[in-house]
Amino acid sequence: MKNQYDKTITACFVGYIVQAIVNNFTPLLFLFFQKSYHVPLSQITLLVTFNFGIQLLVDLLSVGFIDKIGYRVSMVMAHIFAAAGLILLTVLPEVLPTPFAGILIAVMIYAIGGGLLEVLVSPVVEACPSDNKEKAMSMLHSFYCWGHAGVVLISTLFFRVAGIENWKMIAVIWALIPAGNAFAFARVPIATLIEEGESGLELKELFKMKVFWILLVMMICAGASEQAVSQWASTFAEKGLGISKMAGDLAGPMAFAVLMGTSRLFYGKYGERIRLERFMVYSSFLCILSYLEISLFHAPQLSLVACAVCGLSVGIMWPGTFSKASAALPKGGTAMFALLALGGDIGCSGGPTLVGVVSGAFGDDLKMGVLAGIIFPVLLLTGIILCRKSRVNVE
């Protein structure tokens with residue numbers, strides 16, 4: 001019975017690689033777009049906000065339509081949107097009167113796919129029969145990290161060998177992954193999250209539960225703890241070590257992503273031997289220490305090492321919160337997963353914003369910004385303790 005879902009879980013793993021492509025490929029081209037299409041940097045930076053804004057909107061709206069059209073149709077649509085957006089990125093800037101409008105439309109289309117994947121992939125894996133769902137969830141989320149690292153490494157090497165002016169070739173190659181996975185999801189078995197004859201909790205029911213609000217805040221803090229450092233890691237490497245952007249990307253964000261993936265892979269492999277709650281508590285303490293080290297160490301090399309250690313510490317936070325939510329609210333259904341995804345994306349946007357705002361207030365001192373960001377792992381640790389008091393434990 002379980003073996004027939006192996007292909008489903010594999011397709012979900014690829015689904016998170018697709019999301020990594022959607023979120024991390026286009027930013028590698030920002031400076032090239034600025035030069036070749038004569039787009040102001042202020043407009044270029046708007047693309048990141050627009051991408052995650054669309055995903056947030058999809059997270060919110062998905063509560064109303066995913067259960068109606070079904071997980072299979074939604075999953076296929078998500079991959080089609082992702083592939084179409086990447087392909088249109090190579091076409092629309094050339095054919096529309098304003099290149100930036102073409103880029104913006106392409107980003108909007110693949111962001112719809114990314115938002116759907118954020119909501120869909122975790123509950124599809126959660127619904128698959130498994131002896132240890134926490135292990136499967138952690139393994140699943142590790143593939144976003146491997147996808148992130150792979151996109152940065154492979155794209156950077158391609159630009160180095162073939163020239164960045166040939167970026168459209170690699171964009172089409174990346175688009176083949178969601179296109180192929182769409183066919184996979186049209187065929188693989190998909191289990192139901194809620195037992196037949198039962199219904200998931202409605203929004204108003206979730207909103208009345210104290211446990212849900214604790215988990216939602218934990219999810220916001222998980223996203224913020226992750227991105228508050230990840231988004232600034234390259235800047236730390238470039239400014240602190242005086243290296244090129246290419247080297248900064250490899251030494252900063254990619255090292256962060258690899259260690260975050262390693263943490264998730266470790267729990268995915270050995271999770272049955274470790275209590276999830278204990279692993280999350282230790283990880284939260286390690287995250288707090290890494291934030292302090294980034295902020296207080298004067299040697300830039302040590303700060304960069306602390307950035308990488310932060311990646312190791314935040315690995316379990318996002319999938320672990322999903323697993324605790326599934327155990328605490330087994331009838332949470334699509335609404336719960338969609339709102340948790342929304343919370344995570346709010347954190348992903350809010351964490352780097354807080355760091356940037358505080359850094360600006362202290363004369364562009366990133367260390368002060370990261371020190372302010374320590375509030376996120378502290379709140380996450382508080383949430384774990386409150387969950388324990390509410391008897392929300394995943395053993």
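Guide: Let's start with a cut-off: a residue is buried if its relative accessible area is under 20%, exposed if over 50%, and partly exposed in between. Keep in mind that this is a predicted model.

Visitor: Okay, what makes F212 count as buried?

Guide: Its relative accessibility is 1%, and the cut-off for buried is under 20%, so F212 counts as buried.

Visitor: And why is F207 called partly exposed?

Guide: F207 has a relative accessible area of 38%. That value falls between the 20% and 50% limits, so F207 is partly exposed.

Visitor: How do you know what kind of aromatic pair F207 and F212 form?

Guide: Ring centres have to lie within 6.5 Å to pair, and these two are 6.1 Å apart, centre to centre. Planes under 30 degrees apart are stacked and those over 60 are edge-to-face, with the rest tilted. For F207 and F212 the angle is 50°, and the pair is tilted.

Visitor: How many aromatic pairs does that rule give?

Guide: The count is 12. One of them joins Y16 and Y144, at 6.5 Å centre to centre with 85° between the planes. Over 60 degrees is edge-to-face, and that's the label this pair gets. Y16 sits in helix α1 (residues 6–24) and Y144 in helix α7 (residues 133–162), 128 residues apart, and the pair links these distant parts of the chain. Both Y16 and Y144 are buried. Elsewhere, ring pairs link F266, Y267, Y270 and F279 into a cluster.

Visitor: What makes you say K269 lies over the face of Y270?

Guide: The distance limit for the charge is 6 Å from the ring centre, and K269 is at 5.8 Å from that of Y270. K269 is therefore listed as lying over the face of that ring.

Visitor: Now helix α8. How do you know which way its buried residues point?

Guide: The buried ones in α8 are W167, I170, A171, W174, A175, P178, N181, A182 and F185. They cover an arc of only 145° around the axis, so they are on the same side of α8. The face turned away from that buried side carries the exposed residues L176 and F183. Among the elements covering the buried residues are α1, α2 (30–36), α4 (71–89) and α7.

Visitor: Why is A82 called buried?

Guide: At 0% relative accessibility, A82 is under the 20% limit, so it counts as buried. A82 is in helix α4. Beyond its neighbours within four places in sequence, A82 is in contact with V18, V22, Y110, G113 and P178. A82 and A182 are 100 residues apart in sequence, but 9.9 Å apart in space, C-alpha to C-alpha.

Visitor: Which residues have the most contacts inside the largest nonpolar core?

Guide: F25, F33 and W167, in a core of 117 residues. Helix α6 (residues 99–127) gives the largest share, 14 residues.

Terms used
Residues numbered from 1 in each chain as written. Predicted model: local features only at pLDDT ≥ 70, side-chain atom pairs only at ≥ 80, totals over all residues. Heavy atoms only, no water. Core = buried A, V, L, I, M, F, W, Y, C linked by side-chain atoms within 4.5 Å. Buried < 20%, exposed > 50% of the residue type's maximum accessible area, 1.4 Å probe, protein only. Helix = DSSP H or I, 4+ residues; strand = E, 2+ residues; numbered from the N terminus. Phe/Tyr/Trp six-rings, centres within 6.5 Å; stacked < 30°, edge-to-face > 60°. Lys NZ or Arg CZ within 6 Å of the ring centre and 35° of its normal. Arc of directions from axis to C-beta. Contact = heavy atoms within 4.5 Å.
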